[in-house]
Amino acid sequence: MAPVAPRSGDAIFANVERVNAELFTLTYGAIVRQLLTDLEEVEEVNKQLDQMGYNIGIRLIDEFLAKSNVSRCVDFKETAEVIAKVGFKMFLGVTASVTNWDADGTCCSIVLEDNPLVDFVELPDTCQGLYYCNILSGVIRGALEMVSMKTEVTWLRDMLRGDDAFELQVKLLKQVPEEYPYKDDE
């Protein structure tokens, strides 16, 4: 029997149950607004959004692996491509590109030309330090940690701050060896 080929992000996106995009965008905006009201400090909101994303990412990876039929990636480069081409398409309906690799193949940029989270958003002057989409960096970090990759994810460019695209830098800190909870002889 031939191995199952991985499905493309477009094919998965076409078959995934979706919510109304505007409702999703407005709900996310309401969450960010409430965090700004409750926490008052923009840096604390950035940390909270990252933590929320991390918690989502450690759970989202199971759905991603179950629905995408993606086999184990051979290296970090392949992992980044799968995130950009399949993951972003599957969950947000957009495709990202992977650029700016370092010589070691352990650091790259994921660039989004379009981001549905920022529809209807304009940051006031009091929120200039806010990384509005910081939840995405947490999602990536959490999902990769669940597949044994300890990473650091930071924003380099943000269209809400006047840049021409959304750019996340993903840096592989270490590949964590998988540990099994039992030994074969038990």
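Two strands count as paired if DSSP finds at least two bridges between them. Strands themselves are DSSP runs of E with at least two residues, helices are runs of H or I with at least four residues, and both are numbered from the N terminus.

This is a predicted model, where local features need pLDDT of at least 70, side-chain atom pairs count only at pLDDT 80 or more, and totals for chains, interfaces and linings use all residues. Residues are numbered from 1 along each chain as its sequence is written, and side-chain values use heavy atoms, leaving out hydrogens and water.

Let's start with the sheet. Strand β1 and strand β2 (residues 107-112) run antiparallel and are joined by three bridges; Ser97 has Val111 in β2 as its bridge partner. The whole sheet is open, with four strands in the order β1-β2-β4-β3 and antiparallel pairing. Its edge strands, β1 (97-99) and β3 (149-157), each pair on one side only.

Now for the helices. Helix α4 packs on the sheet, touching β1, β2, β3 and β4 (166-175), where contact means heavy atoms within 4.5 Å. Helix α5 lies across β2, β3 and β4.

| Helix | Residues | Angle |
|---|---|---|
| α4 | 76-92 | about 10° with β2 |
| α5 | 134-146 | about 160° to β3 |

And the cysteines? The whole structure has zero disulfides, a disulfide being a pair of cysteine sulfur atoms within 2.5 Å. For Cys107, the nearest cysteine sulfur is that of Cys108, 6.6 Å away. Cys107 counts as buried because its relative accessibility is 11%, and buried means under 20% relative accessible area (1.4 Å probe, protein chains only). Cys127 is buried too, at 6%.

Definitions and conventions. Buried < 20%, exposed > 50% of the residue type's maximum accessible area, 1.4 Å probe, protein only. Axes fitted to C-alpha atoms, helices over the stretch in contact; angles between N-to-C directions.
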